[in-house]
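Hi,

Here is the structure I promised to pass on. Have a look, and my notes follow below.

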Amino acid sequence: MSATEISAKSGIPEDVLREKFGIAGKHIAATDEHVTDMCVSAAAPLLERNDPSEVDAVLYFGSHWKDYLIWQAAPMIQERLGIEGFSIEAVNVSAGAPIALKLASDMLRSDPSLRSILLVGASKESHLLDYSDSASRFMFNFGDGAAAAVMARGLRRNAVLGSSILTDGSFSEHVRMQGGGSKHPATAETVSAGMHRLGLVDGVEMKSQLDPITLKNFLKVSTEALERSGLEVDDIDLLLPIHMKRSLHDSILVELGVEQGNAWYLDHYGHMSAVDPLMSLAQCSEQGKLSEGSVALLLAAGTGYTWAATVIRWGAV
């Protein structure tokens, strides 16, 4: 979906979408293409390069909104990929990638029976948007996609180092789907009222409270993750954040002292919930942006509200 198409649906001028929202276009999943389909497609090439019999677990870290409600996608993904062992889900919305990397790393360090873990996540949340709802315009960059990674014990390359996570629960109810839960079970009335779209509750209040702290919290988790990795801000070679408005993205670069050329921006993909940082890592690897010893900082935030960062050292360790 191009910026021109988003503009036609939303009424937001195309130049505003490109310059302020930072979105030139985004990918949209087919109606009959679901989170599990995208996860299998992302993971299958990895299993051609890694022995599936040595993968002991599948960790799903993608969107809450999956093939079915109140349902785990991970067991189906595991079955379709032919992996034995167990599956778990760690769904932390847009903050998910740095958190999933930390969880898998901690699991491998603490459990000697685990040889490797497949991390896989996907999002199809573009299908939840109501482009006529101006209060939800900050979500109009939502696109669809999937990413996967294999983390293995004892590898001498591409090490996951330190992480930092911070949550402010005062924002826990600001972004939600109103209908379908125990407070508002699905009825004909909730459907006709449009309560099954993802929406923003009291956006003015959220913005007034979030704006003063979000940059500070991005910087806090970034510096803490680096410190826990034995590194400093000056050691960052590549910054891989979630897709966000350009002004916030640029402010983070300035405060961290990272050059524009050393940060990845998904302006042709938009925001794919938890997928963004790993999608960026894959693209940077494919395009030769990572060299031996490169330090990559994966940075994310998700509604709730949680900020998270994880540091990776690329190449030999």
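Leu59 sits opposite Leu119 of strand 3, where strands are DSSP E runs of at least two residues and helices are H or I runs of at least four, numbered from the N terminus. Strand 1 (residues 57-60) pairs with strand 3 (residues 116-123) in the parallel sense, over 4 bridges; pairing takes at least two DSSP bridges between two strands. Helix 5 packs on the sheet and touches strand 1, strand 2, strand 3 and strand 4, its direction making about 165° with that of strand 3. Contact here is heavy atoms within 4.5 Å, and angles run from 0 to 180 degrees between N-to-C directions of axes fitted to C-alpha atoms, for helices over the stretch in contact.

Before I go on: this is a predicted model, with local features needing pLDDT of at least 70 and side-chain atom pairs pLDDT 80 or more, while totals for chains, interfaces and linings use all residues. Residues are numbered from 1 along each chain as its sequence is written, and side-chain values use heavy atoms, without hydrogens or water.

Back to the sheet: it is open, has 4 strands in the order 2-1-3-4, and its pairing is mixed. Strand 2 (86-89) and strand 4 are the edges, each pairing on one side only. Neighbouring strands are turned by 20° against each other on average, direction ignored. Helix 4 (residues 74-81) lies across strand 1, strand 2 and strand 3, at about 145° to strand 2.

Cheers
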